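This briefing is meant for a reader meeting the structure for the first time. It begins with the fold as a whole and then turns to the core and to the charged side chains.

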Amino acid sequence: MRRFASAALSTAVSVTLLSAVWAAVPAQAATSAATPGYTGTVFLNSTGTVDGNGFVTLSGTYRCSVPVPAPAPSPFGPRMVRLHSSVWGPGRAEVAVCDGVEHTWVHRDRPERVPLVTVEKIQSGAELELWESTGWPVITITRLSADRKIVDLQAATS
């Protein structure tokens, strides 16, 4: 029993420390080494909403740009910058508009979690990623920017 309690405590401390590190990662810009010149930043708002059915709404802003002149098309398929946000499970994603202008994003999703998400503080994140087809069926994903934090969920107004 003592060994089990020690292992459980060790696991709890590890998860807590990892959660603190994960939540403390600031939004940052990065340049893809695979495809030079692609840049981006993403910001996740520190508050979100949750409705009575467990649907969570997260929002924020992003900005990305492609090099000028744009790189030659890949012979294996298009390059795409993807904006992704999640609470638990796969989350929501969309193709980002990379024109150098700041854009607002809003994602609404019902996380795959039982019991349902309620008014609470949750760990969440948003990422801006460059997806490149490097040969069927291989896709290279390069993170341009990420913002992870504790989000305070408030009750959604009807």
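Helices (at least four residues) and strands (at least two) are DSSP runs, numbered from the N terminus. In this predicted model, the protein chain contains one helix and nine strands, and from the N terminus on the order of these elements is α-β-β-β-β-β-β-β-β-β.

**Overall picture**

- Of the 158 residues in the protein chain, 34% are buried.
- The protein chain exposes about 9400 Å², and carbon and sulfur atoms supply 62% of that area.
- When contacts between residues at least 6 apart in sequence are considered, 68% of them join residues at least 24 apart.

**The nonpolar core**

- The largest nonpolar core has 21 residues, and those with the most contacts inside it are Tyr-62, Val-81, Trp-105 and Leu-128.
- Strand E2 (39-44), E4, E5, E8 and strand E9 (138-155) each supply at least two residues of this core.
- Leaving aside residues up to four places away in sequence, Tyr-62 touches a set of residues that includes Thr-41, Val-42, Leu-83, Trp-105 and Leu-128, and Glu-102 is also among them.
- Gly-40 is found in strand E2 and is counted as buried because its relative accessible area is 4%, which is under 20%.
- Gly-40 and Glu-102 are 62 residues apart in sequence, while in space their C-alpha atoms are 10.0 Å apart.

- Side chains of opposite charge can pair when their charged atoms come close.
- A search of the whole structure finds eight salt bridges, and the pairs described here are among them.
- Another salt bridge joins Glu-129 to Arg-82, the closest N and O atoms being 3.0 Å apart.
- Here too distant parts of the chain are linked, since Glu-129 lies in strand E8 (residues 121-135) and Arg-82 in strand E5 (residues 79-86), 47 residues apart.
- Both partners fall under the 20% limit for buried residues, so Glu-129 is buried with a relative accessible area of 10%, and Arg-82 counts as buried at 18% relative accessibility.

**Other charged side chains**

- Lys-149 forms a salt bridge with Asp-147, the closest N and O atoms being 3.3 Å apart, and Lys-149 and Asp-147 are both buried.
- Glu-127, Arg-143 and Arg-148 are linked with one another in a network of salt bridges.

**Aromatic rings**

- A pair of aromatic rings is described by the distance of the centres and the angle of the planes.
- With centres required to lie within 6.5 Å, the count of aromatic pairs comes to zero.
- A charged side chain does sit over a ring, however, as Arg-108 lies over the face of Phe-55 at 4.3 Å from the ring centre.

Methods: Residues are numbered from 1 along each chain as its sequence is written. This is a predicted model: local features need pLDDT of at least 70, side-chain atom pairs count only at pLDDT 80 or more; totals for chains, interfaces and linings use all residues. Side-chain values use heavy atoms; hydrogens and water are left out. A salt bridge is a side-chain nitrogen of Lys or Arg within 4 Å of a carboxyl oxygen of Asp or Glu. Buried means under 20% relative accessible area, exposed over 50%, partly exposed in between (1.4 Å probe, protein chains only). A nonpolar core is a set of buried Ala, Val, Leu, Ile, Met, Phe, Trp, Tyr and Cys residues joined through side-chain atoms within 4.5 Å. Contact means heavy atoms within 4.5 Å. Accessible areas come from the Shrake-Rupley method with a 1.4 Å probe; for residues, only the protein chains shown count as cover. Rings of Phe, Tyr and Trp (its six-membered ring) pair if their centres lie within 6.5 Å; planes under 30 degrees apart count as stacked, over 60 as edge-to-face and the rest as tilted. A charge sits over a ring if NZ of Lys or CZ of Arg is within 6 Å of the ring centre and within 35 degrees of the ring normal.
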